[in-house]
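Subject: Structure handover

Dear colleague,

Please find below the structure I said I would pass on. My notes on it come after.

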Amino acid sequence: IPVDPFDLVIFGGTGDLARRKILPGLYHRFCAGQMPEDARIIGAARSEMDDKGYRKMIGEALDEFIPHTKREAERVKLFLERLHYTPIDAKGDGGWKTLKKLVRADVVQAFYFSVGPALFGDLATRLHEHEIATPESRIVVEKPFGRDLESARALNKVLADSFDEHQIYRIDHYLGKETVQNLMAVRFANVLFEPLWNAQYIDHVQITVSETVGVEGRGAYYDKSGAMRDMVQNHLMQLLCLTAMEPPSKFDPDAVRDEKLKVIRALDEVPTENIVRGQYAADDEQESYIAHSENPASRTESFIAMKVDISNWRWKGTPFYLRTGKRLRARMSEIVIQFKETPHSIFGEDAGSHANVLVIRLQPDEGIDLRVTIKEPGPGGMRLIDVPLDMTFADALGPEGEDVPDAYERLIMDVIRGNQTLFMRGDEVEAAWRWTDPIIDGWQSRGDRPTQYEPGSSGPEDALMLLHRDGRRWREIK
Ligand code: BG6
């Protein structure tokens, strides 16, 4: 279904995110017929360039980032005709008058701040002062949204000076992932799970986001950030919230975000012994974390595992174990709901102990897998085995299955539709920093060092111990 006509201005339109994610995503939506005839995309950045130059640049980006089989020369050409460009000086007055003339007042206006947070304030203020934005315009801001509570508050304030909260779309691209939304469907569109979705039936939850890439090329940003700021405060926190939240009364932005906020506020402080930090070492083929960082004595973590408790009726006694890291054995993101064993086994000890597991796989092979216990087929008596009830989305969607839309495509279309459900609200971001700040401050004041781990492993041994000591184990990263 096509969205309303729009003008989407991408500040930082020549940057890496725009070329790698935003424009390829828009191209896919264009091919899917979602972009109306008179929708326009306007790149704005410091470089002097005209429409033709920009179209050429983005054409090259599409060649680079969209597989050959998924683009057609004719369609690419038609898509590129939607692109325009105007040079802009975010810190001065250059280019704003031209932009004002370009942006139409009678269509949906969205301004994507695909720039560092240091420019958010400048852009918001200039859009306002030059009377380009209207009370209905939308702005899209990228992470990192601050680096602690204080800076996030300052960003919220500077945006609030020119825009109302209903106009601000704070992106966490994890919320745009197909499976993440499916988590909500599984929880709230089935009667099967909700009665069991609590500490009485769930032993624990594991959330793993494991990556094989290191921090090459991003060392300067990453070293000031680390896994806690880069991944836990936002992506893993969002996954935790959606898993743990109460059912919202409806699938509407504030109802959903109110429930997520309550979860963040119910998180306990995390004692030091419940956190493991790691930093990847070198191996024969690849360099160590330190080699990519500007600081040879860097104490920044590229891995973190933690045990998190939620103090409310639903979850008291059911820990959430979070783990994320770079340069690990495999790229794998999943949420594991480990149910408890049956209270009593009528089949005797020989049948072994069995418990249901629900795995929500975010990537790769997006899908949902429920493990149930059945009798082993055959005459061997009452032996029990666990079998998967597996739903891989690619199969469920048929031959087009591999075309599950990318997170960015979906989120940008939500901006145009004016749906904030999958975007973070200002108070949510602040609450997440309020929880992470004391943890990070503690490391800094004590001078804690992360433990080195081998690249291609599943992180430091201590991370395994975090569960072992509770009589549990992580699902394997593979
Ligand atoms: C980004 C982080 O937000 O998410 C990166 O800054 C990380 O460090 C990336 O690699 C992971 O996203 P995805 O979609 O590849 O899992």
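Predicted model: local features only at pLDDT ≥ 70, side-chain atom pairs only at ≥ 80, totals over all residues.

Residues are numbered from 1 along each chain as its sequence is written, and side-chain values use heavy atoms, with hydrogens and water left out.

Annotated site and burial

UniProt, in an unreviewed entry, places the feature "active site" at H235. UniProt positions are given in the numbering used here, feature names are shortened, and annotations may be inferred rather than shown by experiment. H235 lies in helix α9 (residues 226–244); helices are DSSP runs of H or I with at least four residues, strands are runs of E with at least two, and both are numbered from the N terminus. H235 is buried, at 2% relative accessibility. Buried means under 20% relative accessible area, exposed over 50%, and partly exposed in between (1.4 Å probe, protein chains only).

Helix α7 (residues 178–188) is largely enclosed by the rest of the structure, because nine of its 11 residues are buried. Among them are E178, Q181, N182 and R187, as well as V180, L183, M184 and V186.

L26, in helix α1 (residues 16–31), has a relative accessible area of 0% and is therefore buried. L26 and I412 are 386 residues apart in sequence, yet their C-alpha atoms are 8.0 Å apart in space.

Salt bridges

The count comes to 38 salt bridges, a salt bridge being a side-chain nitrogen of Lys or Arg within 4 Å of a carboxyl oxygen of Asp or Glu. R218 and D230 form a salt bridge with an N to O distance of 3.9 Å. This pair links distant parts of the chain, 12 residues apart: R218 is in the loop between β7 (202–210) and α8 (219–223), and D230 is in helix α9. R218 is partly exposed at 36% relative accessibility, whereas D230 is buried at 2%.

Two further pairs are R383 with E376, at 3.8 Å from N to O, and R472 with D470, whose closest N and O atoms are 4.0 Å apart. E376 is partly exposed, with a relative accessible area of 31%. In the other pair, R472 counts as buried at 17% and D470 as partly exposed at 24%. A network of salt bridges links D254, R257, D258, R425 and D427.

Surface patches

Patches are made of residues with over 30% relative accessible area and no salt bridge; like charges are joined within 9 Å, and nonpolar side chains (Val, Leu, Ile, Met, Phe, Trp, Tyr) within 5 Å. Lys and Arg count as positive and Asp and Glu as negative, with His and the chain ends not counted. The place of a charge is NZ of Lys, CZ of Arg, CG of Asp or CD of Glu.

D283, D284, E285 and E454 form a negative surface patch. Of these, D283 is in the loop between β8 (275–280) and α11 (289–292) and is partly exposed, at 34% relative accessible area.

A nonpolar surface patch consists of I346, F347 and M382, together about 320 Å² of accessible area (Shrake-Rupley method, 1.4 Å probe; for residues, only the protein chains shown count as cover). F347 sits in the loop between β11 (332–341) and β12 (355–363), and is partly exposed at 36%.

Regards
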